[in-house]
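Subject: Structure for you to look at

Hello,

Here is the structure I said I would pass on. Please open it and keep it beside this email as you read.

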Amino acid sequence: MTGLASDAARAEAGAEADARAGSEARAGSEARAGSEARAGSEARAATRRTLTWLRERRGAGRTRRLGYRVYVTTVLVAGWYGLYAVGAFAAVRQGAPLAGHAALIARVLPSGLVLLGLAALFLTARDALWRGPVTPPRADADWLLALPVLRGPLLRPWFALSVCAWTLAAVLLGFAGAMLLAAAGLAGIGALTLACLVPAVCVGLLAVACAVVVEGSRRAAALVHRCTPLAGLALLLLAGQAALAGAGYRQLPLEHVLLWSGPWGWAAQPVLAATGRSTPLWQGALALLVATTGAALVHGVRRVPLLPAATLRARARAASGVVAGLLAADLRSAKLSASGAGGAGALDPVGAVAVRGGAAGAGARRAARLRPPRSPALLVLWRDTVALFAAPRRPALAVALLLPAGACALLAAETSGVRAFGATLVAATWGCAAASRLLEPARLDADDVRRTAWSPRPPARLALDHAVLPSLLLAAAGALLSLPVAVLAHPAAPLAALVAAPVLVTSCLLNTYRPPPPVALLFGGAALADFGPFFTVVWNVIGPLTGIFTLAVIWSLPTLWLPLSLTCALTAALLVWLHRRASGRE
């Protein structure tokens, strides 16, 4: 009996201890909940006080600036877009001025609409890599984000502003598309307006919501970087398919697959249904598009307060730097500002090397295996080789840019006169774009002279050394890709590619080592007929313009050996110009 009583006493004592522990835990959780509620109320109160203080001190000025921007936007939209829209509407009311092209527009419409939707989403995602839809001014990003206030009330107005801007752009583009289709006589203006506006607005809002995710997530940004070549290839294939459809070679099964491949295809189905095309499930596609857009917007609104402060500060600095570079007509400065938006350890926006926490990517690890040469004369060549191995996308993109150059060269070989000159000019432009992708090491050396402090050679000699490897690569790739032109049209096409490559590379290097534009040129005033900004742009691209235009003129000549000799002379002249420009004598 005594043992039973002691067991009961111990059980009762344990139950009392458990009850006390439970009450203490409940009291602790209630205390934590109360403290969290008090902290949340204090943060909301601090946010309200901060916003009230800001409105009192700068609210009037910000309202005036916003009103002025709204006024300028309204004047531009009403003065340009509105006048053209009124004229187009009047023409549509009188008849169908584009009725003769109705069959062509109807054939191109499915692939063209998918191309436009995919391009809108892709370009918005790329924009989010350096700017994004939530980009407060630099003062707000540097000062307000460091305060103990809630970020939602600070950042959601900027997200709402981006939503309004994209909605306005979608409405304008959608109405323009409706007017175009109505002018072709494919349907009435009322039905087309409704069918175009709703999908356009949904695609715009979906693009903004996806951009918020890319802006706030490093993983999403890395995914956009990795998918950029695939997306670019998809856009090129869609453009090719639209061109083939316009020529009469339609692929109906492929068009059906594209219309259900994603939001870019769902948005096209209501428009196709309004023009009379058989799309029996377009209501379901529209419902999917609206539901996806709504879910993405809700998710984007929730993600806005979670954006990292460091990311917002970097985006604000990048946006201000890009604006400053564009106003100064300095595209290189604008590009460098955009490249620095990701901060340390981010992905290079032009798709170079992935660096996270100081660890190099696979390309950089392969490049590290290249041993430096023993001869100092080969050090620049070795550094350029390492840089291209570390960024394999650059030579790959250069080869891809040579493909349309070869197509234009084939067209130039089969025609004559003005058409041949125009095709040669376009081919040289594509070749110059390909050459510029191989010159990033030279641009880095030109941007920061400390990178070349190791070399006892003068900067002019280093600039000439930077032309060796890109010229060899571009000449080899151009000669190989011009073999079809040699077989089909002109046997000397590979030789032309070999001698033209140094001209294109040197003309791009002239742009790399250009001096700052003279201030008198930018503010020319009446002496230059107020064309100062235009002349500044020409100053910045005078090297590529010289190479492209001179090559087009030379290779429009009828004989073969005269263009070859003149191209070699042009190469020598451009190298002398590059030497003088890099040595600072210009």
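Below is what was found in it, from the whole chain down to single residues.

Please keep in mind that this is a predicted model.

The whole chain

The chain has 586 residues, of which 38% count as buried. It contains 25 helices and zero strands. If you take the contacts between residues at least 6 apart in sequence, 73% of them join residues at least 24 apart. The chain exposes about 31200 Å², and carbon and sulfur atoms supply 70% of that area.

The cores

The largest nonpolar core has 34 residues. Within this core, the residues with the most contacts are Leu-474, Val-505, Leu-509 and Tyr-513. Several helices give two or more residues to this core, among them helix 15 (393–414), helix 19 (468–481) and helix 25 (561–582). The largest share, eight residues, comes from helix 21.

To see how one of these residues is placed, select Leu-474. Leaving out residues up to four places away in sequence, Leu-474 touches Leu-402, Gly-431, Ala-434, Ala-435, Leu-438, Ala-501, Leu-504 and Val-505. There is also a second, separate core of 25 residues, which includes Ala-119, Met-179, Cys-196 and Ala-231.

Salt bridges

The count of salt bridges comes to eight. One of them joins the side chains of Arg-131 and Asp-127, at 3.2 Å from N to O. Arg-131 is partly exposed, with a relative accessible area of 34%.

Another salt bridge joins Glu-255 and Arg-250, at 2.9 Å from N to O. Is Glu-255 buried or exposed? Its relative accessibility is 1%, so Glu-255 counts as buried. Arg-250, at 29%, counts as partly exposed.

A patch on the surface

Tyr-68, Tyr-71 and Val-75 form a nonpolar patch on the surface, and together they have about 360 Å² of accessible area. Tyr-71 is found in helix 1 (residues 2–94). Its relative accessibility is 53%, and the cut-off for exposed is over 50%, so Tyr-71 counts as exposed.

Regards

Note on methods:
Residues are numbered from 1 along each chain as its sequence is written. This is a predicted model: local features need pLDDT of at least 70, side-chain atom pairs count only at pLDDT 80 or more; totals for chains, interfaces and linings use all residues. Side-chain values use heavy atoms; hydrogens and water are left out. Patches are made of residues with over 30% relative accessible area and no salt bridge: like charges are joined within 9 Å, nonpolar side chains (Val, Leu, Ile, Met, Phe, Trp, Tyr) within 5 Å. Accessible areas come from the Shrake-Rupley method with a 1.4 Å probe; for residues, only the protein chains shown count as cover. A salt bridge is a side-chain nitrogen of Lys or Arg within 4 Å of a carboxyl oxygen of Asp or Glu. Helices (H or I, at least four residues) and strands (E, at least two) are DSSP runs, numbered from the N terminus. Buried means under 20% relative accessible area, exposed over 50%, partly exposed in between (1.4 Å probe, protein chains only). A nonpolar core is a set of buried Ala, Val, Leu, Ile, Met, Phe, Trp, Tyr and Cys residues joined through side-chain atoms within 4.5 Å. Contact means heavy atoms within 4.5 Å.
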